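User: I would like to learn how to read a protein model one feature at a time. Could you guide me through this one?

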Amino acid sequence: MSGPVSTADAATDPGAGRPEACAVEVVDGRAAQVGSFHVQRVLPRRARRTVGAWCFVDHLRPAVVSAEQGLDIGPHPHIGLQTVTWLLRGEVLHRDSLGSEQLIRPGQLNLMTGGGGVAHSEETRGVYEGEVHGVQLWVALPSATRDGPAAFEHHAELPRIDAGNGEATVLVGEVAGIASSARRDSDHVGVDLDLRAGTSRLPLVAGHEYAVAAVDGAVSVRGTELAPGTLGYLGVGHDELVLVARAPARALLVGGEPFPEQVLMWWNYVARTRDEITAAHRSWTSDDGRFGAVASPLARMVTDDPPWAR
Ligand code: MN
């Protein structure tokens with residue numbers, strides 16, 4: 001899945017949303033469309049741009065795909081980020097300009113590192129018919145690797161932890177000494193929470209900031225109930241996450257060391273300056289080879305130049 005990220009998601013106002021140890025800050029998702037799918041975008045928002053290195057969280061609302069109407073996200077470019085794809089239901093085929101062709105199913109992780117340039121498509125037609133429900137997240141790459149080579153990983157098996165009244169699956173990073181083998185270039189963590197009714201607990205790192213995204217059913221954190229499609233930002237200074245579910249629920253925990261750099265996002269690009277984004281977009285538009293080619297039956301996604309370059 002992809003952006004596009006626009007100024008409606010994240011105005012370029014540096015300084016907004018510094019981490020603090022306080023009550024839960026609820027971020028409502030903004031409705032957006034990705035391919036034929038309706039999504040709730042909870043990150044980036046004007047009030048909250050990053051949580052650790054996590055810079056984008058799209059909740060792909062449950063929808064039925066068929067032979068006629070698929071997910072249909074045609075080839076599109078990325079720079080400076082990793083895409084993290086996680087499904088609750090359904091199957092999606094990933095193809096990228098590295099030559100990867102990988103079907104993803106619930107419980108599995110697709111992790112694509114964009115580096116200086118990669119393109120991919122996400123498809124269901126000819127692959128799967130039925131309900132699709134999932135989440136796509138982006139991780140901002142640190143300067144050490146954001147211009148580096150692109151890469152793709154598929155993880156069919158991920159470590160799980162008993163959280164009391166639920167099971168935690170470690171997608172990326174480490175919780176309670178249990179680490180995912182997925183690549184990470186900064187100190188961040190992503191955890192799926194499959195909760196039964198009751199209270200569940202996970203240890204946190206006090207110096208890291210965290211947020212909980214409710215995905216299916218409601219969960220409460222520190223007395224604040226989070227409905228699906230919302231994000232509860234916890235800030236820093238917590239050594240334990242306590243989640244209360246009144247009924248079975250799914251949620252995601254994202255967090256990490258507060259990202260030390262100001263990121264600039266537009267469309268499918270994560271960068272530091274407008275010039276970097278303009279250059280990447282002109283490479284994509286002119287198809288000059290920077291992003292390679294994706295062997296997809298879907299049309300390449302195109303859009304106008306960024307507003308500052310028109
Ligand atoms: Mn994408």
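**Reading the chain step by step**

Analyst: Let us begin with charge: the mean positions of the 27 positive and 38 negative charges of the chain lie 4 Å apart. Please keep in mind throughout that this is a predicted model.

User: How many helices and strands are there in the chain?

Analyst: The chain holds one helix and 26 strands. Its radius of gyration is 18 Å, close to the 19 Å that the globule rule gives for 310 residues, so the chain is as compact as a globular protein of that length. Taken along the principal axes, the C-alpha atoms fill a box of roughly 55 × 45 × 30 Å.

User: What share of the residues in the chain is buried?

Analyst: A residue is called buried when its relative accessible area is under 20%, and buried residues make up 55% of the 310 residues here. As for the surface, the chain exposes about 11,800 Å², of which carbon and sulfur atoms supply 48%.

User: How should I read contacts between residues that are apart in sequence?

Analyst: One looks at how far apart along the sequence the contacting residues are: among contacts between residues at least 6 apart, 73% join residues at least 24 apart. Leu 98 gives a case to look at, and its place is in the loop between β7 (92-96) and β8 (101-104). The C-alpha atoms of Leu 98 and Ala 293 are separated by 8.2 Å, although the two residues are 195 apart along the chain. Leaving aside neighbours within four places in sequence, Leu 98 is in contact with Val 118, Ala 150, Ala 151 and Phe 152.

User: Is Leu 98 buried, exposed or partly exposed, and what is the reason?

Analyst: Leu 98 is partly exposed, because its relative accessible area is 44%, and that class covers values between the 20% limit for buried and the 50% limit for exposed.

User: Which strands pair with β24?

Analyst: Strand β17 (residues 188-195) pairs with β24 in the antiparallel sense over eight bridges, and strand β19 (residues 209-216) is joined to β24 by seven bridges, again antiparallel. To follow this on the structure, find Ala 251 in β24, which is the bridge partner of Leu 193 and also of Ala 214.

User: What do β13 and β14 form?

Analyst: They form a hairpin with three residues between the strands, and Gly 164 in the turn has a positive phi of about 110°. Three bridges join β13 (residues 160-162) to β14 in an antiparallel arrangement, and Arg 160 stands opposite Thr 169. Six of the seven residues of β14 (residues 166-172) are buried, so this strand is largely enclosed by the rest of the structure. β14 also pairs with β17 in the antiparallel sense over six bridges, where Gly 166 has Leu 195 as its bridge partner.

User: Which residues have a positive phi although they are not glycine?

Analyst: Arg 222 and Trp 267 can be read side by side, each with a positive phi of about 50°. Arg 222 lies in the loop between β20 (219-221) and β21 (224-226), and Trp 267 is in the loop between β25 (264-266) and β26 (269-271). Arg 222 counts as exposed because its relative accessible area is 52%, whereas Trp 267 counts as buried because its relative accessibility is 4%.

User: Where is the cis peptide bond that joins a residue to Pro 44?

Analyst: To find such a bond, one reads the angle omega, which is about -5° for the bond joining Leu 43 and Pro 44. Pro 44 has its place in the loop between β3 (37-43) and β4 (54-65).

Methods. Residues are numbered from 1 along each chain as its sequence is written. This is a predicted model: local features need pLDDT of at least 70, side-chain atom pairs count only at pLDDT 80 or more; totals for chains, interfaces and linings use all residues. Side-chain values use heavy atoms; hydrogens and water are left out. Helices (H or I, at least four residues) and strands (E, at least two) are DSSP runs, numbered from the N terminus. The radius of gyration is taken over C-alpha atoms; the globule rule is 2.2 Å times the number of residues to the power 0.38. Buried means under 20% relative accessible area, exposed over 50%, partly exposed in between (1.4 Å probe, protein chains only). Contact means heavy atoms within 4.5 Å. Accessible areas come from the Shrake-Rupley method with a 1.4 Å probe; for residues, only the protein chains shown count as cover. Lys and Arg count as positive and Asp and Glu as negative; His and the chain ends are not counted. The place of a charge is taken as NZ of Lys, CZ of Arg, CG of Asp or CD of Glu. Two strands pair if DSSP finds at least two bridges between them.
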